[in-house]
Amino acid sequence: MNWIKSYSVYFVLCIYAVLALLTIVSFRGTGDAGDSILHFLFAKSAPDHPELFFNHWAKPVFVFLASPFAQLGFLGMKLFNVLVMMFTILLTYRVAERLELKNSIVTAFVIICSPLVFTLTFSGLTEPLFALFSILGLYLIVKEKLLLSCIVISFLPFIRSEGLIILSVFGLYLLYKKEWKMIPWLIFGHLAYSLAGAYSHGDLFWVITKIPYANAGSPYGSGGLFHFVEQLLYVIGIPIYILFAIGVLTLFWRLIRKQFQAELHILVLMGFGVFFVAHSLFWYLGIFNSMGLNRVLIGVIPFIAIISLVGFNTLTEDLLKNKNTPRRIVQAVLVVLVVVFPFTSNPAAIQWDRDLSLSQDQEVAIEAGNYTYYHLGADHRFIYVHPYLSEILNVDHFDPEQRVELSIEVLNSLQTGDVIIWENWFSVVERGVTKESLDAHPQLEFISSFSGEDRGRIIEYAVYQVPE
């Protein structure tokens, strides 16, 4: 029976691959209509605009690795993140094994069956790749390959900016282990990209000076200090949330009993804890452009899975020690609860049509974009903010001859024939351009408007043109 245990993770991965492919075929969704699309456009256009490989917001490592897949369209983007998540699942399982945690296969079920993790895998977002690099760094440490681990972790900030948080935790681990010579390697990624992108930016220190979130404010406001405590429930679902909470308590109890395990307590528990607290404070204080998005927690899903496994083992291996039959029954019940939960009607479960289909905002964007394309033609310079319009209009998002970002400044330098597509989210929140300002603009002619509603939010699009 040992061979079954050895290959169980591959069996689970095969099931996941089939489920993922069925999801890709059955649903057209893109994860979200903003960042997911924009990251895809950066990766898709990078071969034509090499400077995009060194764009701090787009995340250089993500653009580099995702670009070949993005050439296949958004389908390729989904396939990229599915492959990323499969490697994340495998490495998390291997780390749990190396940490001598029983029932390591449970980590695979935790990652696959976490509702938000599953749905946002089919997107162009960077969180899945962040999760992969985080667990790869941990895997290399438990394999005693410290140099390679440091190099991998050093590139985390170029996948997501909060990689600096995880990088710092790995630095603390090296201090604890007195691996002084390894610590400088944690800046390898910064040095490599500083040199690689210096010509493109004309600035050797662009990795510092061009950080997009290095400001003490946010246009998105702020929220409660315990916002992410609640939102974690919607990321991983109720059964895993309970296992995770028990796992956290167990690990703290082991600290009290002086059962300290550096990899588990520093890299996993503290890695998650510092990341979680940091994002809670960013949102509470309204800093670093935080939007309070729960999806950021996907980046540490491997740590969540390992902690949840600790909770799983506490309920079964510890509380039911030497009680084989009851233990196996409870383990089976817990796994079934984890697997079934995403398919329930619970608000924290997957809402399949809503979460995996195009949003109402995108449907209205398609209506506005198609109308514009077929009634005004494509031989114009388009001006808009919403990134999804670039896919609808089939224009190069980064070619200023084809498309320009809508802004108050651009409205002062319009050209004959320019077509403006305004909508009431990105145009207003990101660029401060209101519909009233366009209606009152002396050069613009109103063409048409489109509207919809999504969970109480009114969606508005309006098309304008500078008459020829």
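User: In this predicted model, which residue's backbone oxygen does the side chain of histidine 380 reach at 2.5 Å?

Analyst: Histidine 380 is placed in the loop between α19 and β1, and in this predicted model the side chain also has a polar atom 3.1 Å from the backbone oxygen of glycine 417. The backbone oxygen reached at 2.5 Å by the side chain of histidine 380 is that of leucine 376.

User: Is histidine 380 buried or exposed?

Analyst: Leaving out residues up to four places away in sequence, histidine 380 touches Gln402, Gly417, Val419, Gln465 and Glu468. A residue counts as buried when its relative accessible area is under 20%, and because histidine 380 has a relative accessibility of 14%, it counts as buried.

User: Which residue in the turn between β4 and β5 has a positive phi of about 50 degrees?

Analyst: Strands β4 and β5 form a hairpin with two residues between them, and along their pairing glycine 452 stands opposite isoleucine 459 in β5. The residue in the turn with a positive phi of about 50 degrees is arginine 455.

User: Within what arc do the buried residues of α17 fall?

Analyst: Helix α17 (residues 324-340) has Arg327, Gln331, Leu334 and Val338 as its buried residues. An α-helix has 3.6 residues a turn, so residues three or four places apart point the same way. The face turned away from the buried side of α17 carries the exposed residues Thr325, Arg328 and Ile329. Seen down the axis of α17, the buried residues line one face of the helix, because they fall within an arc of 65 degrees.

User: How far apart are the end C-alpha atoms of α14?

Analyst: Helix α14 has 19 residues, which at 1.5 Å a residue should span 27 Å. The model agrees with this expectation, since the end C-alpha atoms of α14 are apart by 27 Å.

User: Which exposed residues are carried by the face of α14 turned away from its buried side?

Analyst: The buried residues of α14, among them Ile240, Leu243 and Phe244, fall within an arc of 165 degrees seen down the axis, so they line one face of the helix. These buried residues pack against α5, α13 (227-236), α15 (262-285), α16 and α17. The face turned away from them carries the exposed residues Leu249 and Ile256.

User: What is the relative accessible area of serine 114?

Analyst: Serine 114 is found in the loop between α5 and α6 (115-120), and, not counting residues up to four places away in sequence, serine 114 touches Val235, Ile236, Ile240 and Ile301. Serine 114 is buried, because its relative accessible area is 0%.

Technical notes:
Residues numbered from 1 in each chain as written. Predicted model: local features only at pLDDT ≥ 70, side-chain atom pairs only at ≥ 80, totals over all residues. Heavy atoms only, no water. Buried < 20%, exposed > 50% of the residue type's maximum accessible area, 1.4 Å probe, protein only. Helix = DSSP H or I, 4+ residues; strand = E, 2+ residues; numbered from the N terminus. Arc of directions from axis to C-beta. Pairing = 2+ DSSP bridges. Expected span 1.5 Å × (residues − 1). Contact = heavy atoms within 4.5 Å. Polar contact = N/O pair within 3.5 Å; in protein donor to acceptor, adjacent residues only side chain to side chain.
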